[in-house]
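Hi,

Here's the structure I promised to pass along.

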Amino acid sequence: MDSYRFLAAYYDRFTDDVGYPLWADYCERRFREAGLAPELVLDLACGTGSLCAELAARGYDMIGVDASADMLMQAMRRTAGLEPRPLFLQQRMERLDLYGTVGACLCCLDSVNYVTRPQALQEVFRRVALFLEPGGLFLFDANTEEKFARMNGETYVREDEDVFCVWQVETEGRRCTYAFDLFERTEEGLWTRSQETHEERIYPVTELAAMLEQAGFEEIEQRFEPQLAPVGEHRDRIFFSARKPQCNQ
């Protein structure tokens with residue numbers, strides 16, 4: 001299932017409140033804390049390439065991987081004038097296959113929640129570890145159980161000049177379903193309707209940490225980042241960092 005067949009063209013408009021420079025600042029801060037200066041960085045589930053573009057503009061060689069051809073098309077357009085220009089690959093996360101290793105891997109904006117089978121997410125972590133250099137850093141975030149509980153049964157609307165999007169959220173067990181209805185105005189002034197369904201899995205923090213350990217990571221840390229997600233009344237995202245050992249244990 002291609003979750004972004006219709007939404008890809010409007011994704012950036014609907015997420016214009018995401019501060020990608022702040023996300024890039026966060027990544028660079030974690031690099032410094034780990035004593036790393038990675039030259040080649042992987043952005044796993046890179047979407048339309050906004051974070052890739054931001055980090056490439058700061059001098060990093062970037063590889064962007066995403067399962068959606070439509071999202072990657074947007075990413076290639078976004079980064080057309082950058083030097084060095086990121087390399088984009090269409091791959092599912094659990095089938096990640098690179099030509100060599102990278103110094104760091106990022107997987108942002110709850111992309112891990114989109115891997116709805118625990119066995120598949122375990123394979124994602126295993127492959128990330130495989131393609132990280134010894135001592136390399138893996139950074140990702142996940143939606144918290146509290147956030148999913150708060151969204152259950154809610155309806156959200158985004159409206160622009162020529163597009164109207166409404167989506168409903170329903171959770172059942174460990175599954176969260178987003179049902180999108182997208183209305184686009186044509187040049188003739190008529191409206192067309194498209195529908196997409198997205199699914200995320202609710203992963204407890206302890207399960208994610210155990211998966212990282214099983215994949216061979218060490219120095220596993222969890223924290224909240226107030227600049228990137230609410231931390232006060234609501235804890236929407238939890239941020240993980242994990243490191244590949246310097247040598248095989």
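**What turned up**

Of the 249 residues in the protein chain, 50% count as buried (under 20% relative accessible area with a 1.4 Å probe, protein chains only). Bear in mind that this is a predicted model, where local features need pLDDT of at least 70, side-chain atom pairs count only at pLDDT 80 or more, and totals for chains, interfaces and linings use all residues. Residues are numbered from 1 along each chain as its sequence is written, and side-chain values use heavy atoms, with hydrogens and water left out.

The protein chain has seven helices and 11 strands (DSSP runs numbered from the N terminus: H or I of at least four residues for helices, E of at least two for strands). Its C-alpha trace spans about 60 × 45 × 35 Å along the principal axes. Among contacts (heavy atoms within 4.5 Å) between residues at least 6 apart in sequence, 66% join residues at least 24 apart.

Helix 5 (residues 118–131) packs against helix 7 (residues 205–214) at an angle of about 45°, with the axes 9 Å apart (axes are lines fitted to C-alpha atoms over the stretch in contact, and angles run from 0 to 180 degrees between N-to-C directions). Pro118, Leu121, Gln122 and Phe125 of helix 5 make the contact with Glu207, Leu208, Met211, Leu212 and Gln214 of helix 7.

Cheers
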